[in-house]
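My notes are below, in the order I made them.

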Amino acid sequence: MVDIKLNLDDSPAAANPVTPNLFEGDYKIKFRCHKEIACFNACCSNIDIALTPHDVIRLKQHLGLSSGDFLREYTYPYEMEQGGIAGIKYQPVENGTACRFMTDEGCSVYEHRPTACRYYPVGLVSLRKQEEYTDQQSYALVEEAHCLGHQEDREITIDEYRKEQGVIEYDELDRGWRQLVLQKKSSGPAFGKPSKRSLQLFFMVCYDVDRFRVFVTNEELKNSFDLTETEWQDILATDSTLINFGFRFLKQVLFGEQSIPIKQSAVDEREQQKIAKANIEAQKQAQYDVSSEPSELE
Ligand code: SF4
Ligand code: SF4
């Protein structure tokens, strides 16, 4: 267990079920969930589930939908922090709180269920120290009264549980996204409130992968990056490879981290555009100065 305490004092929840400690992967939990348990489906009857970029990819592919249709049909957007980062959550059943994929037999998308469902009752907590570039993973434990799995007679380490639930691959695929979210959170007020355009860009890249594919294959954008045709083929090969490129693209656009080479011609063109814009502004200012000077007839 690491000695970082979660600050739950100002939590709006009266009785917060999250254990106020962070654990490492070798920490043993006592837990088992199975079909015969008395609380079966209780957790899926009252959901508040945030989705990751790869959750969207797995679910939309399984359901045979475009990312846009999946987002419209099954999710709603929310702000991960005020005015900061766009996130999405599962839309529950109409006029209810249950998950739309819940059936009497259990989860109808079990093989493709999202990261949060796989992790439960463990929660992943990504941390990044101010002076360090890489993120660290720790875990929190959620102990809700309705969940009887904590009373089952089985001990398992968090690492073993993550393996059992098939969540390791998901975490690896979404790592770039978590780093982006952490980077934005730790950049604080100095970074300022992101523009509407950068919020839209973040949303498209992270969740609307089919739209991002169209955006990336736009010749103008493609021509501004110094990448070979083989590199483009690798980027566009699958939704996962594309979205990983997207995370790098966002780091470059939002935080100025240059990891995708840009063609000199695109840099020159951008410089020319900046100069032209500055000239227009200067001309506008000059016209304003002239028109606001008092006329001799006055
Ligand atoms: S996706 Fe499956 S496991 Fe997750 S809340 Fe819905 S029914 Fe439950
Ligand atoms: S044991 Fe917990 S996770 Fe399993 S069905 Fe019951 S409430 Fe859900």
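**Ground rules**

I am working with a predicted model, in which local features need pLDDT of at least 70, side-chain atom pairs count only at pLDDT 80 or more, and totals for chains, interfaces and linings use all residues. Residues are numbered from 1 along each chain as its sequence is written, and chains are lettered from A and ligands numbered from 1 in the order in which they are written.

**Overall make-up**

I looked up the secondary structure first. The protein has 12 helices and nine strands. These are DSSP runs numbered from the N terminus: helices are H or I with at least four residues, strands are E with at least two.

Next I checked burial. Of 298 residues, 21% count as buried. My cut-offs use C-beta atoms placed from the backbone: 20 or more others within 10 Å is buried, 12 or fewer is exposed, and in between is partly exposed.

Then I checked contacts, meaning C-beta atoms, placed from the backbone, within 7 Å. Among contacts with a separation of 6 or more, 68% join residues 24 or more positions apart.

**Ligand shells**

Which residues surround ligand 1? I listed Cys-44, Ile-47, Ile-49, Cys-99, Phe-101, Met-102, Cys-107, Val-109, Arg-113 and Cys-117. A residue is near a molecule here if its C-beta atom, placed from the backbone, lies within 6 Å of it. By class, this shell has nine nonpolar, no polar and one charged residues. Nonpolar covers Ala, Val, Leu, Ile, Met, Phe, Trp, Tyr, Cys and Pro; charged covers Asp, Glu, Lys and Arg; the others, Gly among them, are polar.

For ligand 2, I found Cys-33, Ile-37, Cys-39, Phe-40, Asn-41, Ala-42, Cys-43, Tyr-120, His-146, Cys-147, Leu-148 and Gly-149. That shell divides into nine nonpolar, three polar and no charged.

**Backbone details**

Two members of the ligand 2 shell, Asn-41 and Tyr-120, came up again here. Asn-41 sits in the loop between strand E1 (28–30) and strand E2 (50–51). Its phi is positive, about 80°, although Asn-41 is not a glycine. With 16 other C-beta atoms within 10 Å, Asn-41 is partly exposed.

Asn-95 also has a positive phi, about 55°, and is not a glycine. I placed Asn-95 in the loop between strand E4 (85–90) and strand E5 (102–103). Is Asn-95 buried or exposed? Asn-95 is exposed, because 5 other C-beta atoms lie within 10 Å.

Tyr-120 and Pro-121 are joined by a cis peptide bond, with omega about 15°. Pro-121 is in the loop between helix H3 (115–119) and strand E7 (122–127). I noted these cases because most residues other than glycine have a negative phi, and most peptide bonds are trans.

**Tyr-119**

Tyr-119 is found in helix H3. I count Tyr-119 as buried because it has 20 C-beta neighbours inside 10 Å. Leaving aside neighbours within four places in sequence, Tyr-119 contacts Leu-124, Gln-165 and Val-167. Gly-166 is 47 residues away along the chain, and its C-alpha is 9.2 Å from that of Tyr-119.

**Helix H11 and its partners**

I looked at H8 (residues 209–216) against H11 (residues 239–255). Their axes come within 10 Å and cross at roughly 70°. Axes are lines fitted to C-alpha atoms over the stretch in contact, and angles run from 0 to 180 degrees between N-to-C directions. H8 and H11 are therefore roughly perpendicular. Val-209, Phe-212 and Arg-213 of H8 meet Asp-239, Leu-242, Ile-243 and Gly-246 of H11. The contact residues divide into four nonpolar, one polar and two charged.

How do H6 and H11 run relative to each other? The axes of H6 (residues 175–187) and H11 come within 9 Å and cross at roughly 20°. The two are therefore roughly parallel. My labels: under 35 degrees is roughly parallel, over 145 roughly antiparallel, 65 to 115 roughly perpendicular, the rest oblique. Gly-176, Trp-177, Leu-180 and Gln-183 of H6 make the contact with Asn-244, Phe-247, Leu-250, Lys-251 and Phe-255 of H11. I sorted those residues into five nonpolar, three polar and one charged.

Last, I checked Gln-258, in the loop between H11 and helix H12 (264–292). Gln-258 counts as exposed, with 10 C-beta neighbours inside 10 Å. Gln-258 and Arg-248 are 10 residues apart in sequence and 8.5 Å apart in space, C-alpha to C-alpha.

Key:
Two residues are in contact if their C-beta atoms, placed from the backbone, lie within 7 Å.
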